[in-house]
Amino acid sequence: SPAHDRPLAPVDVNDVVRKAVDLLAPAIRKSTHRFSAAYAENLPKLPAGRPQQLEQVVINLILNACQALPGPEKGVRVATAFDQAANTLVITVQDEGQGIAAELIPRLTDPFFTTKRGNGGMGLGLSISESIVREHHGRLQFDSRQGLGTAARVILPLAASHPIATKET
């Protein structure tokens, strides 16, 4: 895909999240009356990455969060942070949805695994998201409590031991 041939560039994670939130504004408004986004100040840039691909990950996580809500009175919160101790950037998407059973969490990123068969979920979103995050040497982490909601975290290391693999030309 052409996105893969684009050179790696420094990534402003706040900018990535803002773009995703702007794109999804209509969907967010339909799903919840309680949406909030908190952008950390003085967030360091990710030295090299693919902003469009990371934006896809955030879009996917926000859409999943919106679809998990039982009704518009339940909220979704998005936040960016710099974890100084771990030297990582963290994007958190937290929903007040039904939550996911603990035994299903390890399977969330399996291709074709979905908890929302009924509403046309293909089950590829998180699998693709995870491979994008892995390409950035990061990880996708889920914490969920049934009845209370789910927090999805994208954790991106600032100092990758080796650069992102670029395809040989």
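Trainee: At what angle do helix α2 and helix α4 pack, and how far apart are their axes?

Mentor: This is a predicted model, in which local features need pLDDT of at least 70 and side-chain atom pairs count only at pLDDT 80 or more, while totals for chains, interfaces and linings use all residues. Residues are numbered from 1 along each chain as its sequence is written, and side-chain values use heavy atoms, with hydrogens and water left out. Helix α2 (residues 13–23) and helix α4 (residues 51–68) pack at about 50°, and their axes are 9 Å apart. Axes are lines fitted to C-alpha atoms, for helices over the stretch in contact, and angles run from 0 to 180 degrees between N-to-C directions.

Trainee: Why are α2 and α4 called oblique to each other?

Mentor: Angles under 35 degrees count as roughly parallel, over 145 as roughly antiparallel, 65 to 115 as roughly perpendicular, and the rest as oblique. The angle here is about 50°, and α2 and α4 are therefore oblique.

Trainee: Which residues make the contact between α2 and α4?

Mentor: From α2 come V16, V17, K19, A20, V21 and L23, and from α4 come P51, L54, E55, V58, I59 and I62. Contact means heavy atoms within 4.5 Å. These residues divide into 10 nonpolar, no polar and 2 charged. Ala, Val, Leu, Ile, Met, Phe, Trp, Tyr, Cys and Pro count as nonpolar, Asp, Glu, Lys and Arg as charged, and the others, Gly among them, as polar.

Trainee: What makes a set of residues a nonpolar core?

Mentor: Such a core is a set of buried Ala, Val, Leu, Ile, Met, Phe, Trp, Tyr and Cys residues joined through side-chain atoms within 4.5 Å. Buried means under 20% relative accessible area, exposed over 50%, and partly exposed in between (1.4 Å probe, protein chains only). The largest nonpolar core has 37 residues, and V13, L61, I62, F142, V154 and L156 have the most contacts inside it. The element that gives the most to this core is α4, with 8 residues. L61 touches V93, L126, L140, F142, A152 and V154, not counting residues up to four places away in sequence.

Trainee: Which residues of α5 are buried, and what do they pack against?

Mentor: The buried residues of α5 are L126, S127, S129, E130, I132 and V133. They pack against α4, β6 and β7.

Trainee: How many helices and strands are there in the protein?

Mentor: The protein has 5 helices and 7 strands. Helices (H or I, at least four residues) and strands (E, at least two) are DSSP runs, numbered from the N terminus.
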